Amino acid sequence: MSAPRFTTLGCRLNAYESAAMRELAEAAGLKDVQVVNTCAVTAEAVRKARKEIRRLKRERPDAPIIVTGCAAQTEPETFAAMPEVTRVVGNHEKMQPGTWQSLAPDMIGETEKVIVNDIMSVTETAGHMIDGFGARSRAYVQVQNGCDHRCTFCIIPFGRGNSRSVPAGVVVEQIKRLVDAGFGEVVLTGVDLTSWGADLPASPRFGDLVMRILKLVPDLPRLRISSIDSIEADENLMQAIATEARLMPHLHLSLQHGDDLILKRMKRRHLRDDAIRFTEEALKLRPDMTFGADIIAGFPTETEAQFENSLRLVDDCQLTWLHVFPYSPRQGTPAARMPQVDGAAIKSRAARLRAAGARRVEAHLAAQTGRDHSVLMETPQMGRTEQFAEVRLDTPQPEGAIISARVTGHDDTALTAQAA
Ligand code: SF4
């Protein structure tokens with residue numbers, strides 16, 4: 001009889017939740033089950049989940065399969081119709097101890113195939129405390145869930161519900177536990193991080209949370225932020241960027257596009273110049289800052305000229321770690337009903353954006369040769385700098401250790417370095 005096996009697709013929030021579900025499932029005595037924590041951000045993500053479910057069933061025909069995550073929440077009937085699937089569990093239900101107790105071998109017979117409720121009616125976050133995260137280097141901590149925005153291309157609010165925050169005290173306790181367990185870095189994660197606090201008494205801002213964590217957990221070596229909507233960055237967050245060395249100089253920005261008319265059609269809250277202004281200010285406050293960003297290629301109605309505004313944004317915002325998403329329509333979103341861009345054009349624009357991103361990565365890596373960096377070891381051979389660059393060490397190092405290393409060179413994707 002083996003422990004429950006988890007397959008996690010999608011974002012860091014899903015990774016955190018899988019760690020929490022593993023503890024709940026084991027506590028409920030589940031054995032020999034496969035849990036697939038799905039993503040619904042694109043139609044391709046849902047297709048991948050179905051393919052993975054069929055593969056797992058072929059691999060272990062006798063093991064029950066429990067499907068959860070955003071795809072299970074947004075289209076439960078799709079998974080309920082699959083003969084390979086035993087139960088479909090919603091995003092709120094997956095974090096409830098009672099759900100896993102009801103899925104125990106002697107109980108599961110009494111449950112419906114679909115255990116998915118209205119996610120829009122959920123007002124609190126789970127705030128489940130985790131003790132571990134598989135590897136001993138980096139741990140993700142959920143501080144917020146859901147989203148109150150309605151970007152026209154996005155299905156996430158329908159999978160995750162409205163925005164809700166984990167109270168600061170709970171977050172600090174969680175991080176203390178992980179630091180005590182030996183984690184060198186914590187990544188704050190959520191769906192729309194900068195909306196943290198809006199639903200809490202006195203409406204604190206995300207920057208207040210960052211400052212509070214760094215103050216109340218002095219032993220935390222490295223704090224990283226997963227992704228932010230730069231237009232919603234508050235004063236205390238900018239203050240932390242300027243003054244807190246333990247806050248990593250790496251921000252992933254949810255920019256999505258570089259053309260103002262397209263940003264309006266996406267129902268984003270910022271314009272091109274806002275993004276440039278934010279990165280310029282952050283770099284003034286923290287010259288070693290690096291930026292990553294999500295950018296969509298081929299959003300409906302996008303012309304060649306509008307696309308070029310996105311392409312130029314890569315340099316104008318000094319973006320290094322680019323995540324390029326070729327647009328794919330999500331049924332039920334307003335953008336899916338807009339005039340679509342030709343598939344070949346989407347593909348070639350995505351390739352041009354990726355090429356621009358690769359050029360920026362090359363420039364960042366090349367500029368590190370001869371410099372000393374603090375590196376968090378993820379495996380005995382590989383670690384990451386504070387700016388999130390991958391580093392391969394010449395000699396094995398303890399996993400989870402933070403070491404000082406001198407960069408000796410690089411290839412297309414990673415630095416090489418000598419431990420000091
Ligand atoms: S901010 Fe927009 S893109 Fe992000 S989760 Fe919310 S609706 Fe989706």
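Which strands and helices are included in what covers the buried residues of helix 13? The cover includes strand 12 (290-297), helix 12 (304-316), strand 13 (319-326), strand 17 (402-410) and strand 18 (414-419). Helices (H or I, at least four residues) and strands (E, at least two) are DSSP runs, numbered from the N terminus. Buried means under 20% relative accessible area, exposed over 50%, and partly exposed in between (1.4 Å probe, protein chains only).

The model described here is predicted: local features need pLDDT of at least 70, side-chain atom pairs count only at pLDDT 80 or more, and totals for chains, interfaces and linings use all residues. Residues are numbered from 1 along each chain as its sequence is written, and side-chain values use heavy atoms, with hydrogens and water left out.

The expected span of a helix is 1.5 Å times one less than its number of residues. The buried residues of helix 13 are Ala345, Ile346, Arg349, Ala350, Leu353, Ala356, Gly357, Arg360, Val361, His364 and Leu365.

With 17 residues, helix 2 reaches 25 Å from its first C-alpha to its last, close to the expected 24 Å. Buried in helix 2 are Ala45, Val46, Ala49, Glu52, Ile53 and Leu56. These residues lie on the same side of helix 2 because they cover an arc of only 120° around the axis, the arc being that of the directions from the helix axis to the C-beta atoms. On the other side of helix 2, Lys48, Lys51 and Arg58 are exposed. The partners against which the buried residues of helix 2 pack are strand 1 (5-8), strand 2 (34-38), strand 3 (65-69), helix 3 (70-74) and helix 4 (76-80).

Turning to helix 8 (residues 206-216), the buried residues include Phe206, Gly207, Leu209, Val210, Met211, Ile213 and Leu214. The buried residues of this helix pack against helix 7 (168-180), strand 9 (185-189), strand 10 (222-225) and helix 9 (235-243). Leu209, found in helix 8, has a relative accessible area of 0% and is therefore buried. Leaving aside neighbours within four places in sequence, Leu209 is in contact with Val143, Ala168, Val171 and Trp196. Leu209 and Gly197 are 12 residues apart along the chain, and their C-alpha atoms are separated by 8.4 Å.

The loop between strand 9 and helix 8 holds several residues worth a visit. Ser195 has its place in this loop and counts as buried, at 14% relative accessibility. Neighbours within four places in sequence aside, Ser195 is in contact with Gln144, Ser163, Ser165 and Glu232. Ala202 also has its place in the loop between strand 9 and helix 8; its phi is near 65°, a positive value in a residue other than glycine. Ala202 has a relative accessible area of 81%, so this residue is exposed. Ser203, placed in the loop between strand 9 and helix 8, has a phi near 40°, again positive in a residue other than glycine. At 40% relative accessibility, Ser203 is partly exposed.

Another loop, between strand 5 (114-115) and strand 6 (138-142), contains Ser137. This serine counts as buried, at 4% relative accessibility. Not counting residues up to four places away in sequence, Ser137 touches Phe183, Gly184, Glu185, Leu376, Met377, Glu378 and Gly400.

Finally, there is the ligand. Cys147, His149, Cys151, Phe153, Cys154, Ile156, Pro157, Val191, Arg268 and Arg269 surround the ligand, each with a heavy atom within 4 Å of it. This shell divides into seven nonpolar residues, one polar and two charged. In this scheme Ala, Val, Leu, Ile, Met, Phe, Trp, Tyr, Cys and Pro count as nonpolar, Asp, Glu, Lys and Arg as charged, and the others, Gly among them, as polar. Lys267 sits in the loop between helix 10 (260-265) and helix 11 (272-285). Residues up to four places away in sequence not counted, Lys267 touches Arg150, Cys151 and Thr152.

Note on methods
Contact means heavy atoms within 4.5 Å.
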